[in-house]
Amino acid sequence: MKILIIEDEFELAKSIVTFISKEGYVCDSIYNFTKAIENINLNTYDCAIVDIMLPDGSGLDAIKLLKKLQPKCGVIVISAKNSLDDKVNGLNLGADDYITKPFHLSELNARIKSVIRRRNFDGNNQIIFDKLKIDVDKREVTVLGKIIELTRREFDILLFFVSNKERVLTKESIIEHIWGNDSNTFDSLDFVYTHIKNVRKKLIDAGTKDYIISVYGIGYKFSVK
Amino acid sequence: MKLIKKISQYFLINSAILFVIVFAGINFTLIWIISEEIDEQLRITNGVITKRFYQGDLVNDPPLIELIKVEKIPHQIYSVSDTLIYIESERENEPYHQITSYLQKDGVNYKLIVRASFIEKEDLFYSLLIIFSITFALLIVILFFINRKTTKDILVPFYVNLNLLMNYSVKSGNPINLVASKIEEFNELNLALNLLSDKASKEYKALKEFTEDVSHELQTPVSVIKSKLEILLQKDNLDEESTNNLQNAYKSINKLDKINRSLIFLAKLESKDLFEAERILLSEIVQNVVMNYSDIAYENNLIIHTELESEITVVCNAALIETLLNNLVSNSIKHNIKNGEIVIRLLGNILEISNTGELFSGNTDDFFNRFNKNSKKFNSTGLGLAIVKKICDMYEYKIDYFSSKGYHNVKVYFK
């Protein structure tokens, strides 16, 4: 998988590359519009992460070109402005998703995966993890062919975990992913624990290993080790 | 007291004093002039009668001319005096001026009194009083018309401007457009006010832009810090102290991020045009928000009761209403007590959210103000209710807060 990152903030781009290259992606980091156009013309990508505000041009124009030359490439728009216009314009140009700065890297990672999945496995959007099989479109989880009944929240949490497997996920990022941006203002973030406890129990009952490891004070890690 | 009334009052009080002084002056002057004139006439008459007396013509025509024989001529042979004489036809005593002189003819002494009727002081007083009163009454009438005209010509533009000023908000960014006046002072005032409003408006705009710019500029460094911390958190070989420090740094950057997002959002709420409105079903959106928080409420041992009338719709931006409800409902969870309850009612166009909770210690008028936190909870940004208020202001929904019997109640009146 080849990922193009067009982001003028060097350090942020570096963080993104560090975080997502663990997934085995090959990443190209581009810091300005001119270079971006050059790269889009030269290379083929599976997914592009595009910041709209670039010093020498608009990321929207880069998306336009990308969509023209590489229609199969997934696009995630990054905007600092949280402006509806950017979102609408980006999505109208064919972008698959939209994320506002500042974001959790785990959130971006989950979205990249989702975009790539949707683009590459037409109609058969499945994730296999150890003994788990997750059908994302049907929202169905099976362990060794047996369906596990999960609530909406539990399914979303499991999907987020699997998308960020072998990584430490903070409670904050899980809550923001599941409950939305508005909801992360509670003093006690323990309510996420109940759901995670349930997912854990249901998976173990179905005969899997205990995938969910508590990382004290920070959050959780979904791991097969 | 209105300006025109105050001016009229001063004018009338001073006029009244002046009238009294002039009245008294005219009264006494007239009496003096008339008596001088009469005395002169009497002297002439006295001279004529005396002359005729010596010519042998003894005129006696009471009460105007009296010639009386007397035995002795007193020391003072000529005197002027006032007297009252009863007049039969008038049936009252009338005032007269008289000159008394003594004459001698053929060894006989005579006393000659020449009289002239003098104007009654009372009559003069009352006549003058009537004249003055009528004049004063006329003055009041004239003043009334002058005031009416003045109000129309001079003060109406002033009141129009006053009204414009009262309704002026620097937020609008528009000039006040004060009405020009014929009066120089008012025009100068307008000029000063225009300058003031321009300045205030510009400074407000600059401050607003500054806040927005700061918030936007902060986003990139916050993004970088957040991403770096997240990468650090992935490290396997962290000791406990580093984990603690990282965890706290991560929490704080998240809070900074939230405050910043809220500030940017608040700034965005200044312009209604950015939010497309549509007709939305309130009960549905309330239901969704309650659903979203139900597990959090459950986790906190809170019971949520809902009573939602199903058919109520409003025209507004769905995302904004959702934000409004999110903030109110999450607040009712955050500021609750153990085993407390939350009651959400949507009846008619009124949404009422009541929850058990510790009493709000601050001034209830400040309830919706920024950073006014009842309790210092770490994750609370202190901007949630300010956002709620701003959304309500945008759509002109009234919003009330009151507490009673251990319950916090927030009421939103949708339109």
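**Sheet, helices and cores in the predicted model**

B:Glu352 has B:Lys411, a residue of E11(B), as its bridge partner. The structure described here is a predicted model. The two strands concerned are strand E9 (residues 350-356) and strand E11 (residues 407-413) of chain B, which run antiparallel and are joined by seven bridges.

Both strands belong to an open sheet of chain B, in which five strands are arranged in the order E6-E8-E9-E11-E10 with mixed pairing. Strand E6 (303-308) and strand E10 (398-404) of chain B are the edge strands, each pairing on one side only. From one strand to the next, the twist averages 10°. Helix H6(B) packs on this sheet, where it touches strand E8 (341-347), E9 and E11 of chain B. The direction of H6(B) makes about 20° with that of E9(B).

Helix H6 of chain B covers residues 318-334, which is 17 residues. From its first C-alpha to its last, H6 of chain B reaches 24 Å, close to the 24 Å expected at 1.5 Å a residue. Of the 17 residues of H6(B), 15 are buried, so the helix is largely enclosed by the rest of the structure. At the start of H6(B), B:Asn317 places a side-chain oxygen within 3.0 Å of the backbone nitrogen of B:Ala319.

Helix H4 of chain B, made up of residues 240-268, has 29 residues. The span of H4 of chain B from first to last C-alpha is 42 Å, close to the 42 Å expected at 1.5 Å a residue. The N-terminal end of H4(B) is capped by B:Asp239, with a side-chain oxygen 3.2 Å from the backbone nitrogen of B:Glu241.

Elsewhere in chain B, strand E3 (residues 92-105) contains B:Thr100. The relative accessibility of B:Thr100 is 10%, and this residue therefore counts as buried, the cut-off being under 20%. When neighbours within four places in sequence are left aside, B:Thr100 is in contact with B:Ile77, B:Tyr78, B:Ser79, B:Lys111, B:Leu112 and B:Ile113.

The largest nonpolar core comprises 81 residues, and A:Leu132, A:Leu158, A:Ile174 and A:Phe222 are those with the most contacts inside it. Apart from this core lies another, of 22 residues, which includes A:Leu12, A:Phe19, A:Ile99 and A:Leu108. With neighbours within four places in sequence again left aside, the contacts of A:Leu132 are A:Ile127, A:Val141, A:Thr142, A:Val143, A:Leu158, A:Val162, A:Leu203, A:Tyr211 and A:Phe222.

Methods
Residues numbered from 1 in each chain as written. Chains lettered and ligands numbered in written order. Predicted model: local features only at pLDDT ≥ 70, side-chain atom pairs only at ≥ 80, totals over all residues. Heavy atoms only, no water. Core = buried A, V, L, I, M, F, W, Y, C linked by side-chain atoms within 4.5 Å. Buried < 20%, exposed > 50% of the residue type's maximum accessible area, 1.4 Å probe, protein only. Contact = heavy atoms within 4.5 Å. Helix = DSSP H or I, 4+ residues; strand = E, 2+ residues; numbered from the N terminus. Expected span 1.5 Å × (residues − 1). Polar contact = N/O pair within 3.5 Å; in protein donor to acceptor, adjacent residues only side chain to side chain. Pairing = 2+ DSSP bridges. Axes fitted to C-alpha atoms, helices over the stretch in contact; angles between N-to-C directions.
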